[in-house]
Amino acid sequence: MWGGNQCRVVMAVESLSNTLVSGSLGGGTALMKLGTLYFVWLGKDADESYKEFFIITIFITAIAAANYLSMALGFGVTTLEVENAPSFVPIAENGAYSLDIFWARYSDWLFTTPLLLLDIALLVKASKETIATLIGLDVFMILTGLAATLSQVWINRIVWWAVSTGALIALLYVLAGRVGSKAKEMGGDAESLFGTLRNIIIVLWLAYPAVWLIGSEGAHLIGLGPETALFAVLDVSAKVGFGIVLLRSRNVLESVTGTETASAA
């Protein structure tokens, strides 16, 4: 009887996890689409001098919406066999287990995170060299993160995770230091807006490797359902939330691009 009850509990947990996964992916798709439509509406009368911010941000949420849709429809997912897992990984049996990988998540990040960095770099008129450094570190971070996710030997996954996290730390250092210095030179509302956007990026982006490490792709301390929900919350906050803060600061965008000066002249 206990065995039957235990089996029902396991089935109920799996059903709840599947519901959480599908709900998170569906909700992520809807919120990214709504964010895209909202940004299009906001930008309908944007001045040509700062319309690039709207175009970049619209592409961020549109790309994210497409990738979330692919995961929700079962296209952006694959199954991977992981070997040599340590004993503390709950689902491992004799050091091996099967893992569902949402590869479309990395497709999303590979395109959207450089655009986010481009937005904030253009805001403070960062140099081409600084922008190239930020985007180069970002692409390296995402690709090494993908290597961690696709590695079939558990310890290799952690090694690649460490490399990717190191790239993230370097990226944030450049963002806070070199790009932050440009913001200080500009001062005023531009510096204040940069500070808000920088803090959004730092706080949310640092959460990604933490969720990966405790989630199904790392130590599996939380299951696929909670992991998917956490990533969805982070993604929507880092893209839609970031975009709302940036694009609703139209007066700052006007001052940065010189619209007000041009109009006065």
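Which residues of H2 are buried? The buried residues are Phe53, Phe54, Ile56, Thr57, Ile60, Thr61, Ala64, Ala65, Asn67, Tyr68, Ser70 and Met71. Buried means under 20% relative accessible area, with a 1.4 Å probe and protein chains only.

## Model basis

This is a predicted model: local features need pLDDT of at least 70, side-chain atom pairs count only at pLDDT 80 or more, and totals for chains, interfaces and linings use all residues. Residues are numbered from 1 along each chain as its sequence is written, and side-chain values use heavy atoms, leaving out hydrogens and water.

## Chain overview

The chain holds nine helices and two strands. These are DSSP runs numbered from the N terminus (helices: H or I, at least four residues; strands: E, at least two). Their order along the sequence is α-α-β-β-α-α-α-α-α-α-α. The C-alpha trace spans about 85 × 35 × 25 Å along its principal axes. Of the 265 residues, 45% count as buried.

## Helix H2

H2 covers residues 51-72, 22 residues in total. From first C-alpha to last it reaches 32 Å, close to the 32 Å expected at 1.5 Å a residue. That expectation is 1.5 Å times one less than the number of residues. Gly74 follows H2, with a positive phi near 85 degrees.

## H6 against H8

The axes of H6 (residues 188-214) and H8 (residues 250-257) come within 9 Å and cross at roughly 120 degrees. Asp189, Ala190 and Leu193 in H6 meet Asn251, Val252 and Val256 in H8; contact means heavy atoms within 4.5 Å. By class, this contact has four nonpolar, one polar and one charged residues.

Definitions and conventions. Axes are lines fitted to C-alpha atoms, for helices over the stretch in contact, and angles run from 0 to 180 degrees between N-to-C directions. Ala, Val, Leu, Ile, Met, Phe, Trp, Tyr, Cys and Pro count as nonpolar, Asp, Glu, Lys and Arg as charged, and the others, Gly among them, as polar. Buried means under 20% relative accessible area, exposed over 50%, partly exposed in between (1.4 Å probe, protein chains only).
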